[in-house]
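Subject: Structure for you to look at

Hello,

Here is the structure I said I would pass on. My notes follow below it.

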Amino acid sequence: MNQEKISFISGRIKSVTYAVKGFYLLITTEHSIITQLIISTAMCFVGLYFKISSVEWMFQILATGLVLTAEGLNTAIEKMCDYLQPNFDKKIGFIKDIAAGAVTFAALTAVIIGAIIYLPKIF
């Protein structure tokens, strides 16, 4: 194996290591992520109870991933803003509000998907 291939492989291994570290930090330190994981786990049990179809599982998993991804990105934006400007700043507040708004879009999408899947089964 030449040096270029070895460098490429070691670079990918480092990237995966950083990603796993970030994943671990999110699920162990961020209350919003922990809350979403608890909700996601509960929804898995609800899905099992109602015996949802494979397609419904795919949409539920996609919605869960969307919310967790948005929460993770929002957390990163908030941490970066707090690092760059630890004191109150209207512009930083505006940026953080927009990032939180993106999470709201994801959460509303997940709620709508959940309603489409579960309301017909409940009523």
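Which residues form a nonpolar patch on the surface? They are Val55, Met58, Phe59 and Leu62, which together have about 410 Å² of accessible area. A patch here is made of residues with over 30% relative accessible area and no salt bridge, with like charges joined within 9 Å and nonpolar side chains (Val, Leu, Ile, Met, Phe, Trp, Tyr) within 5 Å. Accessible areas come from the Shrake-Rupley method with a 1.4 Å probe, and for residues only the protein chains shown count as cover. Phe59 lies in helix α3, residues 54-84, and is partly exposed at a relative accessible area of 43% (buried means under 20%, exposed over 50%, partly exposed in between, with a 1.4 Å probe and protein chains only).

Please note that this is a predicted model: local features need pLDDT of at least 70, side-chain atom pairs count only at pLDDT 80 or more, and totals for chains, interfaces and linings use all residues. Residues are numbered from 1 along each chain as its sequence is written, and side-chain values use heavy atoms, with hydrogens and water left out.

Overall shape

The protein chain has 4 helices and 0 strands (DSSP runs numbered from the N terminus, helices being H or I of at least four residues and strands E of at least two). Its radius of gyration is 19 Å, well over the 14 Å that the globule rule gives for 123 residues, so the chain is more spread out than a compact globule. That radius is taken over C-alpha atoms, and the rule is 2.2 Å times the number of residues to the power 0.38. Along the principal axes, the C-alpha atoms fill a box of roughly 60 × 50 × 20 Å. Of the 123 residues, 20% count as buried. The chain exposes about 9,300 Å², and carbon and sulfur atoms supply 73% of that area.

Aromatic pairs

The structure holds 2 aromatic pairs. Rings of Phe, Tyr and Trp (its six-membered ring) pair if their centres lie within 6.5 Å; planes under 30 degrees apart count as stacked, over 60 as edge-to-face and the rest as tilted. Tyr49 and Phe50 form an edge-to-face pair, 5.0 Å centre to centre with 85 degrees between the planes. Phe50 also forms a tilted pair with Tyr118, at 5.8 Å and 55 degrees. Phe50 is in helix α2 (residues 31-50) and Tyr118 in helix α4 (residues 90-122), so this pair ties together parts 68 residues apart in sequence. Tyr49 is exposed at 66% relative accessible area, whereas Tyr118 is buried at 5%.

Salt bridges

There are 3 salt bridges, each a side-chain nitrogen of Lys or Arg within 4 Å of a carboxyl oxygen of Asp or Glu.

- Lys79 and Glu30 meet at 3.4 Å, N to O. Lys79 is in helix α3 and Glu30 in the loop between α1 (3-29) and α2, 49 residues apart. Glu30 counts as buried at 16% relative accessibility.
- Glu56 pairs with Lys121, the closest N and O atoms being 3.2 Å apart. Glu56 is in helix α3 and Lys121 in helix α4, 65 residues apart.
- Asp82 pairs with Lys96, with the closest N and O atoms 2.6 Å apart. Asp82 is in helix α3 and Lys96 in helix α4, 14 residues apart.

Regards
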